[in-house]
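Please go through the helix packing and the nonpolar cores of this model with me.

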Amino acid sequence: MSFAAEVKEELLRASEVRGACCAEAQLYGMMLFGREFSARGMCLRTENRALAEHACAQLHEVALAAAQLEPRGRKWEVSVPRAEERLRLLERFGHGGSELTLRIVRENFTCEDCPAAFLRGAFLSCAAVSAPERQYHLEFYISYKNLARELCELLTENELPPKLCQRNGIWLAYYKDSTQIEDVLAFLGARLAMLDLINTKIEKDMRNKVNRVVNFELANVNRSAGAAAAQLLAIAKLRESPGLAALPDALREAALLRERNPEASLQELCELAGEPVTRSGMNHRLKRLEALARGAPGEK
């Protein structure tokens, strides 16, 4: 089951514990943001059969309307086939049925929990959320501009301000920030999904930190290995001419230490030196050996 399907399953369970007014508000959100909500037709489509069956049952139990459940390809369609019942539902929710564009009738919210129930219904009907392992993205897709704006206003009033854009003729109220998505899920009642998202984010952050540390260490190892190889090549050239015996004592010691310990770090070479030398001092001596090997002027 996808993460989006798990969220909707949890929201369906959460909707079972609510008052009569919240049940009506949730049904209102589901139908208003469905495929069609007018006197001509009233339906919603979903790939989630449990959601379709829930909507069908709610239309019967809450609104006393005869709903029809039918398969539509890979989706399920819940509709109200009788015109007189569609008109009755529109009137019940404060709509005339002849509006050019839809709006949210807030008179349907009769208690402080009704807005959350309404938004839960809207999410069940027209929203999707990506699996947090892939990306952080939650969106509501709405056919009407004014309805999309009113949804954004309601979300913002509940401290969940989304962004709004249009794509392919559909308006999208969306979130890309993981913390905002966590807040939306918690507000709607999907607290287990919220915790899953938080845990996934923690795991991703830990993996990213480990990867950064590993990459940093690998880069250091590669740089050290490259520097050691260049130093060994320079020392080999100096052995041929003029010979290591011709070098000052400090440089000769550094050359011999590097030859005998090709994989040692600068700090390890310092610890092996006969006399105390700092890490920068050892690095300077090895750089002088490379300069001498290239024939650059240097102190003999």
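Q: Is the crossing in which H2 passes H3 left-handed or right-handed?
A: This is a predicted model, in which local features need pLDDT of at least 70 and side-chain atom pairs pLDDT 80 or more, while totals for chains, interfaces and linings use all residues. Residues are numbered from 1 along each chain as its sequence is written, and side-chain values use heavy atoms, without hydrogens and water. Helices are DSSP runs (H or I, at least four residues) numbered from the N terminus, and a crossing is left-handed if the near helix is turned anticlockwise from the far one by less than a right angle, right-handed if clockwise. The way H2 passes H3 is left-handed.

Q: At roughly what angle do the axes of H2 and H3 cross, and what does that make H2 relative to H3?
A: Axes are lines fitted to C-alpha atoms over the stretch in contact, with angles from 0 to 180 degrees between N-to-C directions. H2 (residues 20-32) and H3 (residues 49-61) have axes that come within 11 Å and cross at roughly 120 degrees.

Q: At about what angle do H8 and H9 pack?
A: H8 spans residues 191-240 and H9 residues 249-260, and their axes are 10 Å apart. Their crossing is left-handed. The packing angle is about 120 degrees.

Q: How far apart in space are alanine 255 and leucine 238?
A: In sequence the two are 17 residues apart. From C-alpha to C-alpha, the separation of alanine 255 and leucine 238 is 9.4 Å.

Q: Which residues touch the most other members of the largest nonpolar core?
A: A nonpolar core is a set of buried Ala, Val, Leu, Ile, Met, Phe, Trp, Tyr and Cys residues joined through side-chain atoms within 4.5 Å. The largest has 67 residues, and those touching the most other members are Phe33, Phe118, Phe140 and Leu185.

Terms used: Helix = DSSP H or I, 4+ residues; strand = E, 2+ residues; numbered from the N terminus. Buried < 20%, exposed > 50% of the residue type's maximum accessible area, 1.4 Å probe, protein only.
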